[in-house]
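Morning, everyone. I have one structure to show you today. Please take a look at it before I start.

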Amino acid sequence: MKTARVCFLWHMHQPYYTDPVTGSASMPWVRLHATKAYFDMAYLLEKFPTVHATFNFTPSLLLQLQEIGTGTVQDLFLEHAQKPAGSLTPEEQAFLVRHYFSINWSTMIRPYPRYHELLVKRGLNIDGQDLEQVVRQFTTQDLLDLQIWFNLAWFGYGPVRRYPRLGALRAKNRGFTEEEKQEVLALQRSTIQEIVPMYRRLAERGQIELTTTPFFHPILPLVIDTNNTSRARPDLPLPSRFRAPEDAEAQLRHAVEFHTTTFGRPPVGLWPSEGSVCPELIPMLPRVGLNWLATDEGVLARSLESAQQPWHRQAQL
C-alpha cells in the first residue's frame with residue numbers, strides 16, 4: 001500500500017481595516033470570522049491532539065484581533081449593534097436592514113426561523129428599492145432581534161459548545177432584550193480574546209507550527225522591483241518603475257518581530273502574500289530568521305519552466 005504525506009497549511013488572513021485617524025475599522029470581518037473559523041479550527045484540534053497542522057497568521061490579522069480583543073478599535077457594524085434599537089436613527093435603521101443580512105443565507109440565516117423571517121420581511125432583493133419605506137415595516141423589536149441575530153449567527157460550533165448561553169439564546173429565537181444583546185457582544189469579545197492563547201498552547205505542545213506573512217500583506221516582488229512583473233507577464237504595460245527592496249525586508253522583519261511577541265516564539269516559515277515569490281526575495285529570509293517558504297504549485301511549475309530546470313530539483317534556502 002502506498003503512503004501519502006500530506007501537510008495541512010491553513011492561511012489566516014484579513015486586510016488591515018483599521019483607519020488610524022478615526023480608530024475605527026471599516027468592515028467587521030475580522031471580528032465576525034474570529035468567532036467562527038479562527039476559533040473553531042483551534043477548538044477542533046484541541047479535541048484531536050494527534051492531528052498536526054501548520055497555521056499561517058498574517059500580522060495584519062493578529063494586530064486587529066489584539067485591537068478588537070482589548071476594545072481599542074471598533075467597527076461600523078459593531079457600533080450599530082451596540083446602540084439601543086429604540087434609539088436608532090432612520091439612517092442607522094436602513095444600515096441594519098441593508099447590511100445585517102451580509103451572511104451566507106443557506107447556512108447562517110435559513111436554519112434560524114426568526115432570522116429567516118426578518119430576511120423575508122425585508123425582501124431577498126432590495127436593489128432599487130426605497131430603503132426608508134422598507135424600514136417602516138420593521139418594529140423596534142424586529143430591529144433588536146436583527147442586531148442580535150447578525151452577531152449570534154456568526155458564532156461557530158466551538159464557541160457555542162464553550163458557552164452554553166449562546167445555544168440558549170439561539171433556542172429562544174425571538175423577542176430578545178437589550179441585556180441579552182450585551183451578553184452576545186460580551187461573549188463575542190471573550191471568544192476573540194481566547195484565540196491567540198489557544199493557538200499558542202497548541203504550538204507549545206508541538207501540535208501545530210505557526211508561520212507568518214509580510215506584515216501588511218504586500219506583494220513583495222513588486223515592492224522589491226515593479227519590473228519583476230515582466231517575468232510573469234511580459235505583455236502587461238507597467239507604470240513608472242518602483243524599487244524598494246529595503247521596504248520588502250522591513251515588512252518581513254516587522255512580521256517576525258510581531259509574531260514573536262504575540263506567540264512567544266519566532267516563526268520558522270513564511271507564506272508570501274498571494275504566494276508571490278522572486279529570486280531576490282530568497283536571500284532576505286535567512287537574514288530575518290526564516291527557514292522556509294511555501295508557494296503555489298502553479299507558481300512552481302511556471303518557475304521551473306522558465307528556468308528550464310527538471311522537476312526533481314529542490315530549492316534550498
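This is a predicted model: local features need pLDDT of at least 70, side-chain atom pairs count only at pLDDT 80 or more; totals for chains, interfaces and linings use all residues.

Start with helix 8, residues 140–152. How far apart are its end C-alpha atoms? They are 18 Å apart. At 1.5 Å a residue, its 13 residues should span 18 Å, so the two values agree.

Now, is helix 8 mostly covered or mostly open? Mostly covered: 11 of its 13 residues are buried. Among them are Leu143, Leu144, Leu146, Ile148, Trp149 and Phe150. Asp142, Asp145, Gln147 and Asn151 are buried too. Leu152 is also on that list.

What covers those buried residues? The cover includes helix 1 (29–47), helix 3 (76–82), helix 4 (90–99) and helix 6 (113–122). Helix 10 and helix 11 (178–204) are part of the cover as well.

Stay with helix 10 for a moment. It runs over residues 164–172, and Ala171 sits in it. Is Ala171 buried or exposed? Ala171 has a relative accessible area of 64%, over the 50% cut-off, so it counts as exposed. From Ala171 to Val184 is 13 residues in sequence. In space, the two are 14 Å apart, C-alpha to C-alpha.

Last, the cysteines. How many disulfides does a search of the whole structure find? The count is 0. Cys7 has a relative accessible area of 61%, so it is exposed. Cys278 has 7%, so it is buried.

That's my tour. Questions, please.

Terms used: Residues are numbered from 1 along each chain as its sequence is written. Side-chain values use heavy atoms; hydrogens and water are left out. Helices (H or I, at least four residues) and strands (E, at least two) are DSSP runs, numbered from the N terminus. Buried means under 20% relative accessible area, exposed over 50%, partly exposed in between (1.4 Å probe, protein chains only). The expected span of a helix is 1.5 Å times one less than its number of residues. Contact means heavy atoms within 4.5 Å. A disulfide is a pair of cysteine sulfur atoms within 2.5 Å.
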